[in-house]
Amino acid sequence: MTTAPAERFALRLHKVSKAFGGVQALNAVDFEVRAGEVHCLAGENGCGKSTLIKVVTGVHRPESADLIELFGQPVDRITPVQAREMGVSVIWQDLALFPHMSVAENIAFDDLVGLRPRSVRYGQMKARAAEVLDRLGVRMDLAAPLHSLPIAQRQVVAIARALMNDARLIFMDEPTASLTQSETDRLLDIVRKLSAEGVAIVFVSHRLAEVLEIAERVTVVRDGNLVGVYPTQGMTQARLGELMTGHLIENQVSARDLPDAPVAFQAKGLSRHGEFSDINLTIKAGEVVGLTGLIGAGRTELAHVMMGMRRADSGQMTLNGATYRPTSARAAIEQGMAYVSEDRLSLGLLQKQSIADNTVISVLRKLTTAAGLISETRKADLVAHWIKQMGVKIGLPQDAISTLSGGNQQKVVLAKWLATAPRLLILDSPTVGVDVGARAGIFRIVRQLAEDGLAILLISDEVTEVMHHADRIMHMADGRIVQEYDPRRITVPQLEERIYA
Amino acid sequence: MTALTKHMARLKSGPAGENTGLLLMLAVLVMAFSLASPRFLTGANLGSMGFQMPLLGLLTLAMLAPIISGGLNLAIVYTANICGLTLAWTLMQFGGAEAGIGAFLLGGALAVIVGVIAGAIMGAVIAYVGAHPILVSLAMMIFLRGLGEFLTRGGDISGFPEYMRVLGHGTVAGVPVPLILFAVIAFGWHVLLRRTPHGFSVYMTGSNLKATEYAGLNAKRTLVLIYALSGLLCAIAGILMAARFNSVRVGHGEAMLLITVLACFLGGIDPFGGHGRVFPVIIALVILQVLSSGLNLIGANQHLATAVWGLFLIAVMVLRSDQLRLLGKLFFRKDN
């Protein structure tokens, strides 16, 4: 391939509009990406980001557009195949890879699938895949089946696959949603590398810190309208959040002292071989304790032991002063524990089932009449109560939960647990895949619960999250709680430095 | 505008829409057959349909619940056979055709116990060992068949007391007794699945076992219980089979196994578990029965009826597919 003449813009869209039914998804939006630029597309869920991407990639045809130009060429009607051939690639959040095929096969996939069947030359395929990974500066077992890799590496495979198609404009939809901080850093390195090679990257992310770190410019979209294009230089997270949501989002340290509050949960010398050891943890009623640290530090494993899903090898736990030794999740829930799993998609909710059923699943007993039947009235009342209480935006309670946005789904998870009237709530990465506005909503609820006396353990990768919402911060590393911090006596950069050192 | 779309969504996704489609299908078939044959809408024909359907119906219900729980029970027919054998042996011990009603009750109770145990074993292996339901129930099916053939030497046991004819051939106010039995059990099954905590748990387990356990439900116990209940229905089917044919033989009703799966899917049960209702499945059963009786009446070969069932199911799957909906959109030019 010969080097194309350097264009100034990888993409130019002028006054693009698209409506679905009566909803104006895009309203005369301008969007420009310079060649080789890292550009961030920011906005809340449903603001029109995905529609914009789908217009560029030919999935949707806009109702009207003054100009659609790719790499200096005006394109009138574009199909997904043409878009790919011109060098536009999208890496969706679900990656659209093949779990049972090898790394090499996934990377070379588009090369393998021609219009006519032809023989597959594995040697050549591997060589090309290795070449692309080399370009990214990544080493990987090419023969490993994709499902055996962690998500971060699958992401790299998806990027490699895009490069294999000579992509010059790559859209990345929430690429870091399920990555830890160090994995994110590595991904951002790759993004920088591609940008240096002249590949333009459009980054869609809810994590504002990341957006500001990686992108040169940011385009903000709200309710289908362009809010503006801003350089990230000098932009703050608070300002960006305000632009996205239209109102100021308070993000201040909110730690309190609770000297008189009774102890709700206590762990002494809790250990489980190979996962964590000698954990001492006290959570008072009404207190939010933040637990942070790198992945593999044993945070989720500790939560699982607290929920009775795994057994500790040694150590004791007490709940409200009484010895607490749960043997199953059921037993833990009965004693007043609640656990918002980090894996909302496969563990936190039953995606195929309705909003109503997902809400009442934890409190069936409260709905059962003397005859042993579930009362439809009580069920409907309970669901209506919690949907109102949590401010969940839904169509009908019998709609599948998968129709809701991440933020609204997470509110249903919270409702499900709060309905059990728990004494200790464990929130494990509660804002994964949740946008800025909805995050604020979730933490407002969390704050209110703490004020009402609920003990809360907030597990999070995001340092800013524990800094702003916890009363105390526990830093966990290699299975031990290494240090406790008071959010009022440390800054975000200081804490980050200690965690990622 | 939004109210309208919401209403449309309810119609489309809700059971009401599903039922309407099936009822419409049924109405068309009934109309077509009554035009083709004057004997179709007679008491005699309806009566014979009412005697034939319940057996398949009970086995279908026994298949339905495990499918909703995310599995399958391939052992239903042989469980029914073994339960029938249990009853037959008990009756033989008390004099065969001369056995009293007490012997029948004892035999029936023993049959139910055998059915429940067979089901519970399958459920326990599926839940606690984590083996695939197809493999487990297939193994149970082969075991029961082999056991039954070994014990009966491949022959049949016949000559039951006269009063058992009432169960298989009697009528109450013109309604066949088997049909009444089926109606009562189907209603109970509906209540169990839709209104009890256990039924709720079956649906949840069927869509995601792990998430169900995380939510604090006992998904494993749910599986054991639902297979045990499936076994219970098989036992009742086995007793009914003995009463209808006045004999018990291992392999009786073997052909019904796959028809029950067909009826479940025709009735809109999600083959991957988590969704499905009793009522549409019953309409589906009636449709299958109407097809077979109707074709029989207009003089078609019985084997042809089976072939038509198969074609019919394929047609229904095509009609329900997303691709067809996309095609429809294309025609109506609703760009989306």
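Chain B comes out with an average pLDDT of 87, and 90% of its residues score at least 70; pLDDT is the predictor's confidence in each residue, from 0 to 100. Please keep in mind that this is a predicted model, where local features need pLDDT of at least 70, side-chain atom pairs count only at pLDDT 80 or more, and totals for chains, interfaces and linings use all residues. Residues are numbered from 1 along each chain as its sequence is written, while chains are lettered from A and ligands numbered from 1 in the order in which they are written.

Now a word of caution on chain B: over residues 1-16 the pLDDT stays under 50, and the model has 10 contacts beyond four places in sequence for that stretch. By contact I mean that the C-beta atoms of two residues, placed from the backbone, lie within 7 Å. For the complex, the predictor gives an ipTM of 0.81 and a pTM of 0.79.

Let's look at where the chains meet. Chain B brings 24 residues to the contact and chain A brings 23 residues. On the chain B side, α1 (2-13), α9 (197-207) and α10 (209-214) each supply at least two residues. Those helix names follow DSSP runs, numbered from the N terminus: helices are H or I with at least four residues, strands are E with at least two. That side of chain B has 10 nonpolar, nine polar and five charged residues. Here Ala, Val, Leu, Ile, Met, Phe, Trp, Tyr, Cys and Pro count as nonpolar, Asp, Glu, Lys and Arg as charged, and the others, Gly among them, as polar.

On to chain A, and its domains. Between them, 11 residues of domain 2 of chain A touch 10 residues of domain 3 of chain A. Helix α17 (residues 436-451) of chain A gives the most to the domain 2 side, with four residues. By class, that side has eight nonpolar, two polar and one charged residues.

Finally, a sheet in chain A. Six strands make an open, mixed sheet in the order β6-β7-β8-β3-β9-β10, where strands pair if DSSP finds at least two bridges between them. At its edges are β6 (88-91) and β10 (225-231) of chain A, each pairing on one side only. Inside the sheet, β3 (residues 38-42) and β9 (residues 217-222) of chain A run parallel, joined by four bridges. If you want a pair to find on screen, Cys40(A) has Val218(A) as its bridge partner in β9(A).
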